[in-house]
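Hi,

Here is the structure we talked about. Please open it alongside this note; what turned up follows below.

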Amino acid sequence: MEEYYLLWQSQMIAGEELPFWQEFFVKFYQAFIESDRWLQYLEGVQTTLIVTAMALCMGVIIGILVAIVRTAHDQQRVGKHNPILGVINAICKVYVTVIRGTPMMVQLLIMCFVIFSKSREFTMIGTLTLGINSGAYVAEIIRGGLMALDPGQAEAGRSLGLNYVDTMRFIVIPQAFKAILPSLGNEFIILLKDTSLITVIGGKELVYAAQGIYGRTYEQMFPLIGVACIYLVLVMIFSALLNLLERRLRQSDRR
């Protein structure tokens, strides 16, 4: 196989016109096989998955905390307002408004070139930015699920002697989770695809690997199509896992 590649590559360099399938083979070999370049894609996938997992954990934690604060503030009884909770709620509202109201690209550039201008850990900066960005959207998704739940559920928990945190933890959040799972799954898929943006600030993930390869081969089509196919496969796997989880939850409801 390598002999054919070297022969047809030399013919292409000499300016000879090759059949389509031979030219296709040469470009494919350059993009994925020569110098074990497929390993670079695997490293990019590994980094992409790690970044996604870390940003996902960060976004869920931030989202849950912000959603609980905002829900607790909105569900206060008339005439009984906690001033400390009001201040924290105002901070959370500003956070959600700013993050949702500005583009991800701008947030990445600000984090890299303004806030962490002296750092060269571009991948970690990108991960942090993705987590903060995702947290704002997750917060609104969870808050919508909590607010849509019957208030009687929380009152039942209080009547059993549970405090607010335990009521949310054991009664409200588990029920709301089933309702918001499709929206959360969509947000997680968007987060997976948004990891490609950290290449702009020098983050070394899947798109960065493709850029390095077509920067040496001067052939963009196969590396970029390969990256697109890899992202598509990852999204399909993630979607299948979410569908499986949804079916399990529906089965538990029937029981």
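**What was found**

A176 is in contact with G145 and L146, leaving aside neighbours within four places in sequence. Bear in mind that this is a predicted model.

**The core**

A176 and L146 both belong to the largest nonpolar core. That core has 12 residues in all: A67, V138, I141, I142, L146, L149, M168, V172, A176, I180, L184 and F188. α8 gives the most, with six residues.

F188 deserves a look. It sits in helix α8. F188 counts as buried because its relative accessible area is 12%, under the 20% cut-off. Apart from neighbours within four places in sequence, F188 is in contact with L56, V60, V138 and F238. L244 lies 56 residues from F188 along the chain, and their C-alpha atoms are separated by 15 Å.

**Charged pairs**

Side chains of opposite charge can pair when their charged atoms come close. The count here is seven salt bridges.

Start with E140. It forms a salt bridge with R70, with the closest N and O atoms 2.9 Å apart. This pair links distant parts of the chain: E140 is in helix α6 and R70 is in helix α3 (residues 38-74), 70 residues apart. Both residues are buried.

E140 also meets R143 in a salt bridge, at 3.3 Å from N to O. E140 and R143 are three residues apart in helix α6, so about one helical turn separates them. R143 is buried too, at 19% relative accessibility. A network of salt bridges links R70, D74, R100, E140 and R143.

Another salt bridge joins R37 and E34, again 3.3 Å from N to O. R37 is buried, with a relative accessible area of 9%. E34 is partly exposed, at 23%.

**A buried loop residue**

T199 lies in the loop between α8 and α9 (206-217). At 10% relative accessibility, T199 counts as buried. A polar atom of the T199 side chain lies 3.2 Å from the backbone oxygen of S196. T199 also touches E205, V207, Y208 and Q211, not counting residues up to four places away in sequence.

Best wishes

Notes. Residues are numbered from 1 along each chain as its sequence is written. This is a predicted model: local features need pLDDT of at least 70, side-chain atom pairs count only at pLDDT 80 or more; totals for chains, interfaces and linings use all residues. Side-chain values use heavy atoms; hydrogens and water are left out. A nonpolar core is a set of buried Ala, Val, Leu, Ile, Met, Phe, Trp, Tyr and Cys residues joined through side-chain atoms within 4.5 Å. Buried means under 20% relative accessible area, exposed over 50%, partly exposed in between (1.4 Å probe, protein chains only). Helices (H or I, at least four residues) and strands (E, at least two) are DSSP runs, numbered from the N terminus. Contact means heavy atoms within 4.5 Å. A polar contact is a pair of N or O atoms within 3.5 Å; within protein, one must be able to donate a hydrogen and the other to accept it, and residues adjacent in sequence count only if both atoms are side-chain atoms. A salt bridge is a side-chain nitrogen of Lys or Arg within 4 Å of a carboxyl oxygen of Asp or Glu.
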